[in-house]
Amino acid sequence: PTANSQAQIPPASFQPGEAVAILLPLPLAGSYDYTVGPGQRLAAGDFVRVPLGGRTVCGVVWGAGSGLVPVEKRRAVEECLDLPPLPEESRKLVDWVAAYTVSPLGAVLRMVMSVPAALDPPPADPVAYVAAPPPASLKMTEARRRVLEAAGQPLPAAELARLAGVGASVVKGLADAGALTRLVMPRRTPGALSDWRREGFPLSSDQAAAAAHLRAKLSGGFSVTLLEGVTGSGKTEVYFEAVAAALEQGRQILVLLPEIALSAQWLARFERRFGAPPLEWHSELGQAQRRSSWRAVAEGRTRVVVGARSALFLPYPDLGLIIVDEEHDSSFKQEEGVIYHARDMAVVRARLGGLPIVLASATPSLETQTNVEAGRYERVHLPLRHGGADMPDLAVIDMRRHAPPRQTWLSAPLVAAVEESLAAGEQAMLFLNRRGYAPLTLCRGCGLRLQCPHCTAWLVEHRHAGRLQCHHCGYISSKPPVCPQCQAEDSFAACGPGVERLAEEVAAKFPDARVRIMASDTLSGPRATAELIASMERREIDLLIGTQVVAKGHHFPLLTLVGVVDADLGLAGGDLRAAERTFQLLCQVAGRAGRAARKGRVLLQTYQPDDKVMRALVSGDAEEFYRAEADDRRIAGMPPFGKLVALIVSGPDPDQVDRVAQQLARLAPRDGGIEVLGPAPAPLALLRGRHRRRLLLKASRSTKVQGVIRQWLGRLGPQSAVRIQIDVDPYSF
Ligand code: ADP
Ligand code: ZN
């Protein structure tokens with residue numbers, strides 16, 4: 001994407017009586033005209049409260065009014081809020097993202113004002129009470145005496161009452177009488193890093209060269225640098241140096257991580273390096289915390305933010321550096337609402353702000369590699385693992401020759417390897433990217449497969465929780481006692497393994513091993529994750545069974561063996577990106593092995609040992625793999641060499657969905673080398689009760705597809721019975 005903002009930012013301010021355009025965080029295409037109220041002086045970016053219908057809403061001054069609404073029809077701005085204005089770069093980002101993703105401007109603004117109550121006055125600082133010398137006039141009671149005893153140190157009133165076993169009125173009475181002193185405890189600003197540690201590890205010469213490159217970029221305006229290096233090469237240490245440099249300049253820093261909830265180890269590491277924690281931003285934060293964090297960022301008090309993709313839209317007044325770690329990760333793609341890729345939009349944000357961005361990965365996306373080759377991005381490379389640890393040996397186990405007995409999934413060579421590493425007192429990991437007990441439940445009598453009633457998906461058995469579950473919509477049911485199709489009793493059988501079932505096999509084969517499962521649904525949050533990682537580090541676990549959550553970033557020094565139970569799993573499905581995605585995931589998993597003194601070993605169980613992904617993993621020749629991938633995509637005119645936009649038509653009534661999809665196909669643009677494929681059933685043809693059809697628009701890289709799409713939808717006209725989602729640069733195709 002290239003920056004090309006339509007933001008009109010007039011230098012002047014707006015006087016009472018003038019028309020201003022106010023953008024509201026609602027899914028509306030444009031701004032609305034209002035009149036500047038008496039005594040107000042507004043400028044672009046100001047947060048205001050305006051009437052809308054019978055209520056009031058908060059919005060942002062977007063520029064001069066359009067003048068299309070006559071004065072007498074315009075309503076007045078009620079109030080200008082006491083907040084720093086939304087910075088120009090944030091406003092340009094809203095314009096840019098809306099234009100690029102063909103989304104309503106207001107829907108993008110809503111991502112900026114991510115917290116419903118973000119604009120409310122900041123929550124008051126907490127108050128605590130501590131015992132003071134009681135005034136002579138105080139009438140002492142047993143209850144009062146207990147409170148004063150408990151109030152040796154400052155405590156919140158509720159806590160004090162609880163400790164003393166009295167009602168809140170007793171505490172209040174004492175405070176009113178002057179026997180308790182009221183103290184305001186100012187909240188600490190999260191991520192302020194007002195006092196941070198300057199020194200990191202002494203760097204190897206490769207690392208030092210990479211860090212110097214990144215440091216130099218900090219005074220060079222906009223740039224994109226790919227920081228590439230095998231897992232364990234020290235990419236994190238190196239970009240920490242760039243963070244330190246930006247901190248020295250007093251700028252704000254944003255680090256985007258995939259799935260922030262799983263990054264406890266990263267946070268601990270950041271705190272060790274800098275002596276203070278960053279501000280965390282992700283969807284699991286409570287409302288109060290989000291509000292105060294949002295404000296701390298807006299007011300420039302927070303220096304370092306680490307977050308999932310939505311952190312990109314915080315209102316940074318002084319952003320100086322962006323890091324996107326694991327830039328190839330698919331979780332940067334937001335698939336709901338405004339559909340965008342956070343890595344790509346982060347590059348846009350950097351360009352709009354004239355600042356450097358670093359994309360870090362051991363297995364960069366083909367998109368990023370292509371940008372490096374074309375000279376649009378720079379690249380620094382860390383070829384070696386830190387401390388001389390060798391890369392693990394990778395080998396395939398040909399399952400056509402080593403197929404395990406029925407209802408088991410571990411081949412003899414893998415079992416032998418696990419036994420060896422356990423005997424040597426080392427840790428092993430078995431990777432299977434499937435949550436639950438079994439991915440499919442089937443009636444032995446009639447072959448019925450238990451399916452989600454709302455999605456094109458099988459119900460996954462979670463035996464531990466005693467239920468069947470849809471992994472797409474969350475639908476839950478119990479196993480029916482009788483088959484609804486053939487009425488056979490107790491006829492359901494589990495098919496295929498999930499991690500829970502694998503754990504049973506492991507328990508039978510390695511009865512003495514201490515085994516744990518790590519999957520997103522077995523971890524109840526960051527705390528549970530941190531606890532599990534700590535037990536792994538303390539050697540309280542011999543064998544870890546995990547889904548893709550184990551693949552990411554964790555560093556376990558004693559882990560020497562990684563067994564990939566089903567290396568072919570990601571290749572099915574016919575998606576053009578499947579090979580790239582599988583290669584990246586398995587590299588990442590393999591990278592968990594042998595990260596310290598002992599050499600690691602990775603065994604891939606596969607029925608397709610000659611597949612290009614397996615061959616590349618074994619030979620370690622990533623370049624060759626990517627070259628072949630790039631050739632395939634270039635010939636097919638697919639991303640990153642061609643432009644692709646997916647249109648997904650969805651609705652509860654399949655006939656209506658089909659009708660609109662067909663109509664779209666008939667109205668499709670045909671000129672300028674544009675090709676429209678479909679409609680075809682979308683990858684999940686039924687999702688949450690909505691039927692989905694997909695059309696794909698293919699065009700050359702230079703085509704301005706957004707204009708084409710807008711015209712196309714314009715010819716169709718507004719639709720009420722179906723929804724049409726536009727996915728520019730779809731991740732799967
Ligand atoms: P990557 O991000 O490339 O996977 P890390 O930055 O996580 O690599 O480094 C791997 C391990 O090596 C980490 O435990 C890290 O602290 C350590 N490490 C990397 N570079 C150094 C260094 N220069 N001095 C000491 N330890 C280092
Ligand atoms: Zn479902």
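Reply: The protein chain has 19 helices and 31 strands. Both are DSSP runs numbered from the N terminus: helices are H or I with at least four residues, strands are E with at least two. The radius of gyration is 29 Å, close to the 27 Å that the globule rule gives for 733 residues, so the chain is as compact as a globular protein of that length. That radius is taken over C-alpha atoms, and the rule is 2.2 Å times the number of residues to the power 0.38.

This is a predicted model, in which local features need pLDDT of at least 70, side-chain atom pairs count only at pLDDT 80 or more, and totals for chains, interfaces and linings use all residues. Residues are numbered from 1 along each chain as its sequence is written, while chains are lettered from A and ligands numbered from 1 in the order in which they are written.

Now the site itself. An unreviewed UniProt entry places a "binding site" feature at Cys 443, Cys 446, Cys 483 and Cys 486. These four spread over 44 residues of sequence, yet they cluster in space, with a largest C-alpha distance of 8.7 Å. UniProt positions follow the numbering used here, feature names are shortened, and annotations may be inferred rather than shown by experiment.

Take Cys 446. It sits in the loop between strand S19 (440–443) and strand S20 (460–462). Cys 446 is partly exposed because 13 other C-beta atoms lie within 10 Å. The scale: 20 or more other C-beta atoms within 10 Å is buried, 12 or fewer is exposed, in between is partly exposed, with C-beta atoms placed from the backbone. Leaving out residues up to four places away in sequence, Cys 446 touches Cys 483, Gln 485 and Cys 486. Contact means C-beta atoms, placed from the backbone, within 7 Å.

Next, Cys 483. It belongs to the loop between strand S22 (476–477) and strand S23 (492–495). Cys 483 counts as buried because it has 20 C-beta neighbours inside 10 Å. With residues up to four places away in sequence again left out, Cys 483 touches Cys 443, Gly 445, Cys 446, Leu 448, Ala 488 and Ser 491.

Among contacts with a separation of 6 or more, 74% join residues 24 or more positions apart. The C-alpha atoms fill a box of roughly 85 × 75 × 70 Å along the principal axes.

Conventions:
Contact = placed C-beta atoms within 7 Å.
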